[in-house]
Every structure is written in structure tokens, then in C-alpha cells.
Amino acid sequence: MHRRHFLKCGLTALAAGSVLRRAIAHPAPAVAHSASAMNPHAAPAAADAPALLPADRLRAGQALQPLPLLRNESTEPGTFAGTLVAEPGTAQLADGPAATACWRYNQSLPGPLIVLEEGMNVSLTFINRLPEPSTLHWHGLPVPADQDGGPDDPVAPGATRVYHFTLPPGSAGSYWYHPHPHQGVSGQIARGLAGAIIVRAPQDPLAALPEQHWAISDLRLDAAAQIPPHTYADWVDGREGEFVLINGQYRPAIALSGTHRVRIWNMCAARYLNLSLPGCAFIPVGSDGGLLEKVLPAQEAILLSPGERMEVLVTGADGNRALTLLPYNRHPMMSPPPQAAMAIAPVTYRAAPLPVSEGTALRTITPLGEPGNQLRAVMMEKMGDIMKNKGGTPPRAFLINGKPFDMARMDLNSKAGVVDRWEIINATTMDHPFHIHGGQFQVFERQYLGKKSAPACLAWKDTVNLRPGEIVRLLMRQDSPGMRMYHCHIIEHEELGMMGMLNVS
Ligand SMILES: [Cu+2]
């Protein structure tokens with residue numbers, strides 16, 4: 001990393017307070033421009049970065065396999081009972097003798113897909129066979145606080161924990177599960193622990209379409225095809241595995257048609273997925289919390305920050321294409337931003353008449369209405385502290401409202417049933433995806449580069465990206481009392497302090 005880069009980092013983020021004042025006074029140009037200028041185009045490889053597995057050693061080109069399904073052990077209607085066992089194992093990702101040591105749910109990478117229905121009584125038994133505490137967090141699902149697998153509720157190595165919840169009407173959507181232990185998430189996710197959830201609705205205008213699921217994760221593999229420890233840059237920027245996997249497969253061959261309803265999960269710890277399929281376009285029909293209010297216009301690319309999901313239809317002409325990650329600059333501090341597009345899967349696309357058109361109503365989403373409570377979360381970083389110490393793990397210098405996460409401290413207050421108006425401010429020089437536990441929210445305004453904008457339609461979300469200097473305003477109602485986390489979903493930032501607790505009474 002260039003010395004000049006350090007100096008600039010130090011100058012742009014002297015103290016969280018001054019950054020905040022500047023971000024509010026001049027919402028962005030200063031911050032955004034200096035951040036992009038800070039990225040050297042050819043940053044030298046960090047001293048602690050391992051040699052990587054040559055990409056041609058990875059198995060590629062096999063047909064995309066559907067995610068394995070978690071078996072419902074219950075025969076009672078309206079009930080789902082399943083078991084997830086987290087344990088160390090191996091996966092044969094590369095040709096040659098070395099299987100990759102990884103951590104998996106039910107020996108599957110990613111974990112099995114859990115398909116549920118609105119109204120279901122769900123019990124999920126978690127057996128922790130890892131050598132450290134873990135939890136299962138049901139990302140985005142409206143489950144009671146004490147069933148949400150937060151860091152306050154660790155499951156010890158060797159222990160079993162049963163999570164119970166009932167899915168309310170209107171909760172259909174694409175969700176996921178991942179570990180959320182205190183100070184241990186990044187290592188567990190980097191080793192492969194995550195899985196997808198789909199909740200189905202009794203009424204769904206797209207129910208007749210065949211589905212395709214792209215659970216996208218990434219993995220770093222060293223020359224021996226093993227998962228190496230975090231580098232210092234991984235901690236500062238968030239760790240991006242160099243190998244992007246879809247349903248656990250490297251560059252799988254995808255057969256796609258215009259009738260497919262495609263659900264996409266970004267399960268990466270830090271990688272932003274700026275997806276495009278040159279020659280085709282994506283038609284957004286769903287967000288984190290299920291179908292949008294209406295079908296949106298086709299777009300050439302869709303951006304999913306870590307933790308986000310989308311449902312799309314794909315339109316275009318017949319042909320052999322490449323699912324591609326376009327460069328997206330999230331302004332990392334130590335790593336160079338991507339300069340080139342990266343093909344992640346060959347796609348054979350077959351055109352078909354689209355089942356819906358732009359503007360078609362998909363469902364009714366009732367606006368949450370007048371807020372009864374105001375909450376504010378300002379994401380900050382003390383870059384000077386981070387850059388002072390360049391070995392091991394950086395200090396806990398990623399903050400919300402001036403403080404790193406402390407499990408003994410409630411940061412914000414809310415009441416069950418009351419609509420909270422959240423104002424989230426990114427007063428840092430990097431992008432951060434903000435996630436709130438407990439259910440879904442409605443973004444109603446963004447403010448970036450001094451301009452306010454509203455979303456294209458009403459949508460349910462639980463994770464929203466904020467660019468440097470950006471402000472997002474949203475409404476959310478917590479439906480049950482208890483403690484809820486909110487945090488940056490770049491897993492390393494969360495672990496280095498960018499998290500807080502909401503006390504819902
Ligand atoms: Cu972050």
C-alpha cells in the first residue's frame with residue numbers, strides 16, 4: 001500500500017466527528033472524490049497475502065446444480081422441523097489431491113435450502129459440531145428476538161439449540177441463514193457457513209414460473225486449495241474471496257430461459273455483486289422481503305451488496321452468454337478496486353415470451369405510515385487508528401454513533417408496534433451495507449451528492465447499501481419486544497465494531 005495512500009486516509013478521516021460534520025454539510029463530493037483518488041490502480045500485494053490457487057485448477061463448467069433441500073422431518077401440515085449440523089469437513093473444489101478443508105451445514109457448501117410457507121410453525125434444530133461457539137441467524141425473517149441467533153445467544157461447541165418461530169402472513173421472500181456469534185462470524189463465513197431460505201406465499205402471481213436459484217458466495221483458496229486466514233487488508237476492507245461460487249460451484253454452466261424466476265443471494269462477506277449478462281437484461285420483480293409492488297423496467301446490471309437478495313426475470317435474445325461481475329468501486333482502503341469485469345458463469349440463454357411486463361402489479365405493499373419514533377445511526381471509521389497498526393487484527397475502529405459495538409450496552413430504543421423512522425448516515429470513505437434485524441423495512445429516501453431521491457416503488461428490504469457520504473431514510477416496525485442488532489453487513493466491519501443494539505420494549 002502506498003505511503004501517500006496512508007496519509008490521505010489519515011487526512012480524510014481524522015476523527016469520526018469531523019467526518020460526520022463534513023458528510024452532513026457536504027454530502028459527498030469531497031468524501032467520494034478523495035476516496036476514489038485514494039485507490040492506487042496497482043496496489044502491491046500485501047505481505048500477509050498468500051499465493052492463490054491457479055484458477056485453472058478449480059473444477060469449472062459443470063451444469064449448475066440446484067441447492068440441496070433441507071428435509072422436513074414433520075408430517076404435520078403447516079409445520080416444518082429441520083436439523084442443521086455445522087461441522088468441519090472437506091469439499092473437492094479443485095482437481096488434484098487436495099480437498100479443501102471447510103465448515104459446512106449438513107455437509108453441503110453452501111448449506112441446504114430451507115423452503116417454508118407463510119403461516120408455518122417452524123422448528124430448526126442446530127447442532128454445533130464446530131470447535132467454537134456459533135449461532136444460526138435467520139437473516140431478514142421476522143422471528144422473535146430470542147429466536148434470532150444473535151451474538152447474545154451463543155451455542156457452545158457440542159451443544160444443540162432449537163429455534164422456534166411462526167412465519168406471519170406477508171413474509172414470503174428470499175432469506176438466508178448464517179452464523180452470528182460474537183467476534184467469530186468472519187472466520188465462520190470465510191470457511192463456508194451460509195445457506196438460503198425461501199418462504200412461499202399462498203397467493204403468488206409468479207408461482208407458475210420455474211425457478212432458478214443463484215446462491216452466490218466467494219472463497220479464497222491458497223496454492224494448496226486451503227482457506228487461508230484473514231490478511232490485514234481483509235479486516236480493513238472486508239474479505240473478498242477470489243473465487244466466486246454459485247450454489248457452491250465455480251463457473252457452473254447455467255441453462256436459463258425467459259420464463260425463469262431467478263432468485264439471487266449475495267452471501268459474500270464483502271464482495272459487491274454488480275451482475276450483468278451482456279446481451280440480456282434483468283427485470284427486477286422481488287427484493288429481500290419478497291415481490292415488489294410492481295415489475296420494474298429492465299436493467300443491464302443489478303447491484304447486490306453483501307447480504308442483499310433479488311428476484312429477477314431475464315430478457316434478451318437466444319445465445320451463449322457470460323454472467324459477469326462488472327467493476328463496482330466500493331472504495332476499499334487497502335485493496336485496489338476491481339478494474340475489469342469478471343465472468344462467473346457461462347449461460348445458455350433461450351428467449352421466451354415474458355410472463356409479465358413493466359408496471360404489472362405484483363402485490364400490495366401498504367406503506368408503514370407515520371413514524372412514532374426517530375432513530376439515527378451514523379457509520380464512522382477511525383482510519384488513523386486502523387492504519388497505525390498494520391499487523392494481526394486492526395483495532396475496533398469501525399463505529400456507529402461514535403462507539404464500537406459493546407454487548408453490554410443498549411444503543412437505541414424502540415417500542416414494539418411503533419413505526420421507527422431511521423436515518424442512516426455513512427460518514428466514512430467506504431461503502432457499507434446496513435442491515436437491521438427483526439424483519440423488513442421500507443426505504444423512502446436516499447440523499448447522495450446533495451440530491452434526494454425516492455425508490456422506484458415500494459419494496460421490503462432488510463439490507464441497504466450506503467455510498468460514502470450517503471444518507472438513507474427508512475421506516476421499520478419491530479413487531480415484538482427484545483433486543484435487535486443493526487450493523488454493517490461487511491462481516492469484518494461488523495466484527496470490528498460497526499454494530500449496535502436496539503432495545504425494543
Ligand atoms: Cu462496512
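## Second largest cavity

The lining of the second largest cavity in this predicted model comprises four nonpolar, two polar and three charged residues (Asp, Glu, Lys and Arg are charged; Ala, Val, Leu, Ile, Met, Phe, Trp, Tyr, Cys and Pro nonpolar; the others, Gly among them, polar). Lining residues, which have an atom within 4 Å of a cavity point, include Arg-396, Glu-494 and Glu-495 as well as Pro-181 and His-182. The space amounts to about 40 Å³. Because domain 1 (57-200) and domain 3 (373-504) both contribute to the lining, this cavity lies between them; the bounds come from an automatic or database assignment.

## Largest cavity

Across the whole structure, two cavities of 30 Å³ or more are found (sets of points on a 1 Å grid where a 1.4 Å probe fits but cannot get out; volume is the space filled by probe spheres set on the points). The largest cavity holds about 200 Å³. Its lining has 20 residues, with Ile-189, Gly-192, Ser-217, Asp-218 and Leu-219 closest to the centre. Domain 1 (57-200) and domain 2 (211-350) each supply at least three lining residues.

## Copper site

The copper ion has His-432 (ND1), Cys-488 (SG) and His-493 (ND1) as protein donors, at 2.0 to 2.1 Å (donors are N, O and S atoms within 2.8 Å of the metal, 3.2 Å for Na, K and Ca). Their sequence spacing is H-x55-C-x4-H. His-432 counts as buried because its relative accessibility is 0%, and Cys-488 is likewise buried at 0% (buried is under 20%, with a 1.4 Å probe and protein chains only).

## Basis

Residues are numbered from 1 along each chain as its sequence is written. Local features need pLDDT of at least 70 and side-chain atom pairs 80 or more, while totals for chains, interfaces and linings use all residues; side-chain values use heavy atoms, without hydrogens and water.

Methods. Buried means under 20% relative accessible area, exposed over 50%, partly exposed in between (1.4 Å probe, protein chains only). On a 1 Å grid over the protein atoms alone, a cavity is a set of points where a 1.4 Å probe fits but cannot get out, and a pocket is an open set with protein on both sides within 12 Å along at least five of seven lines; lining residues have an atom within 4 Å of a point.
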